[in-house]
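The following exercises concern a predicted model. Please work through each task before reading its solution.

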Amino acid sequence: MDAIAFGFICYLIIILFVGIYTARITKNLKDFALGGQKLGPIIIAFSERASGESAWLLLGLPGAALIVGMLELWTVMGCIMGIIMSWLLIAYPLRKDVEKYGAITLPEYFEKKVKDDSGIIRLISSLIITFFFTFYVAAQFSGAGKVLNVTFGITETQGMILGAIIIIFYTFLGGFLAIAWTDLVQGIIMISTLIILPIV
């Protein structure tokens, strides 16, 4: 077994452990959807960025930099500024509002904030989120397929299916807690890769 396969198996074991552990401490819907609101800002920040950057940061941005060159720094600067602004102007006030209204999902939050008894805001916002996240999730599965294809020689379709099975499995087990903690591990791997690889 080579070092890459060994590292991948260790990674899968860690994710499986996180999924099983978080399943044991997830007691209700609030725990499943929001981690019981027990996670600190560092873990939430890692989770948000690991989910937000994922395949495009490790595959798309380097490819764009290879084609465009140093001009791609504008993308990096724009992303950093946008992330900081979203954390300060959206994330913190939203967390406070979610607690105030006792909402578990964004559609529920919108509905309670504007006092919509008809349910139309919840329905429309749910459809918008589902529509756009379908493309986002598809891109992540595609990225997983490409990485597993290049790394282990399996087809991209097999890689996408394997990636989907792993992600769906630990998400069903532990909900947001599982996602946040596995994102922390993935975020550390991503930062290490982005720092070490250019030096090498």
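**Exercise 1.** Is Asp 183 buried or exposed, and why?

*Solution.* Residues are numbered from 1 along each chain as its sequence is written. In this predicted model, local features need pLDDT of at least 70 and side-chain atom pairs pLDDT 80 or more, while totals for chains, interfaces and linings use all residues, and side-chain values use heavy atoms, without hydrogens and water. Buried means under 20% relative accessible area and exposed over 50%, with partly exposed in between (1.4 Å probe, protein chains only). Asp 183 is buried because its relative accessibility is 4%. Asp 183 belongs to helix H7, residues 156–199 (helices are DSSP runs of H or I, at least four residues, numbered from the N terminus). Leaving aside residues up to four places away in sequence, Asp 183 contacts Phe 46, Ser 47, Ala 50 and Ser 51 (contact: heavy atoms within 4.5 Å).

**Exercise 2.** Describe helix H5 and its ends.

*Solution.* Within H5, residues 106–113, the buried residues are Pro 107, Glu 108, Tyr 109 and Glu 111. Their cover includes helices H4 (73–101) and H6 (120–152). Just after H5, Lys 115 has a positive phi of about 55°.

**Exercise 3.** Which residues of H1 and H6 meet?

*Solution.* From H1, Ile 4, Ala 5 and Phe 8 meet Leu 148, Thr 151 and Phe 152 of H6. By class, this contact has five nonpolar, one polar and no charged residues.

Key. Helix = DSSP H or I, 4+ residues; strand = E, 2+ residues; numbered from the N terminus. Nonpolar A, V, L, I, M, F, W, Y, C, P; charged D, E, K, R; others polar.
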